[in-house]
Amino acid sequence: MSTIVALFNEKNSAEQARQQLIKMCGLRSDEVKIEENTNTDLTSRLGSLRKMGMPERHGEAYCEGMRRGGALVTAHTDDSSKNVKVQEILQNSGAVNIDQRMNEWQKSGWNHFDSKAKPFDRDEATRERTRYASTAGRDAGSFTIPVIEEDIQVGKRDVETGGIRVREHVSERPVEEEVRLRDENVKVDRKRVDRAVTDADMRNMKDQTIELTEHHEEPVISKQARVKEEIRVSKDATERTERVRDTVKKTDVDIEKMDRRPKGNR
């Protein structure tokens, strides 16, 4: 895990740098923090900077800058390849050159960070910002205006727009069929007669049992399932071209040459 810190003259610039780090470097919001003297114990902050291995003078300078109304941006990243990009964004966003700032303070009598020194009030902090904003880059003889231009990047995302839901359930319906059934009934007829006995009658004159079985048909139901229809559910994909319209921003810099020589000297 790498930790990169930068001092800004005021919170608005620090917040802009924070948003750029989140957008351009893919850092999470909890990986980039902004601290001011109103929400930070500067003595404890100096101790934490020491634990990070920061040189004592630089740690004191960062805390002194916060005491004077500046804002400290702390960025944490676990990808060393992002460090150069993070530093570049912080520098382009107006981060203070801490060595030059210490030299400026030392010219005014500052020697080291005093944890007991009173933090700057609003007016003092405003004068401090105005002082360094008006002299920014003057000692180097030049300053840089970043020319920014947005590029549009059109991507795609999948959006669920609807579909179908197929439910299968079993229902019952009553059916009727007619079937012809056969019934057998044993019928006994008795009639009185008066005739001579024959030899056949004499042969049948013995103990015997005669059984006749009756049969009745009854309906038997059997079922056979058959496939009557098939439902196929599938998806068809088509492609279309859609024109996307938006706006992009860019910085336009107009340079105007000023001629302030007396007219008589031309």
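Select glutamate 31 first. This residue sits in the loop that joins helix H1 (11–25) to strand S2 (32–35). Keep in mind that the model is predicted.

Is glutamate 31 buried or exposed? Its relative accessibility is 11%, and buried means under 20%, so glutamate 31 counts as buried.

Look at its backbone nitrogen. That atom lies 2.9 Å from a polar atom of the glutamate 31 side chain.

Which residues are in contact with it, leaving aside neighbours within four places in sequence? Select Thr74, Ala75 and His76.

Zoom out and colour by secondary structure. The protein chain has 7 helices and 3 strands. Starting at the N terminus, trace the order β-α-β-α-α-β-α-α-α-α. The radius of gyration is 51 Å, well over the 18 Å that the globule rule gives for 266 residues, so the chain is more spread out than a compact globule.

Switch to contacts. Take those in the protein chain with a separation of 6 or more: residues 24 or more positions apart account for 84% of them.

The accessible surface of the protein chain is about 24,300 Å², and carbon and sulfur atoms hold 45% of that. Of the 266 residues, 21% are buried, and glutamate 31 counts as buried too.

How values were computed: Residues numbered from 1 in each chain as written. Predicted model: local features only at pLDDT ≥ 70, side-chain atom pairs only at ≥ 80, totals over all residues. Heavy atoms only, no water. Helix = DSSP H or I, 4+ residues; strand = E, 2+ residues; numbered from the N terminus. Rg over C-alpha atoms; globule rule 2.2 N^0.38 Å. Buried < 20%, exposed > 50% of the residue type's maximum accessible area, 1.4 Å probe, protein only. Contact = heavy atoms within 4.5 Å. Areas by Shrake-Rupley, 256 points an atom, 1.4 Å probe, with all protein chains shown as cover. Polar contact = N/O pair within 3.5 Å; in protein donor to acceptor, adjacent residues only side chain to side chain.
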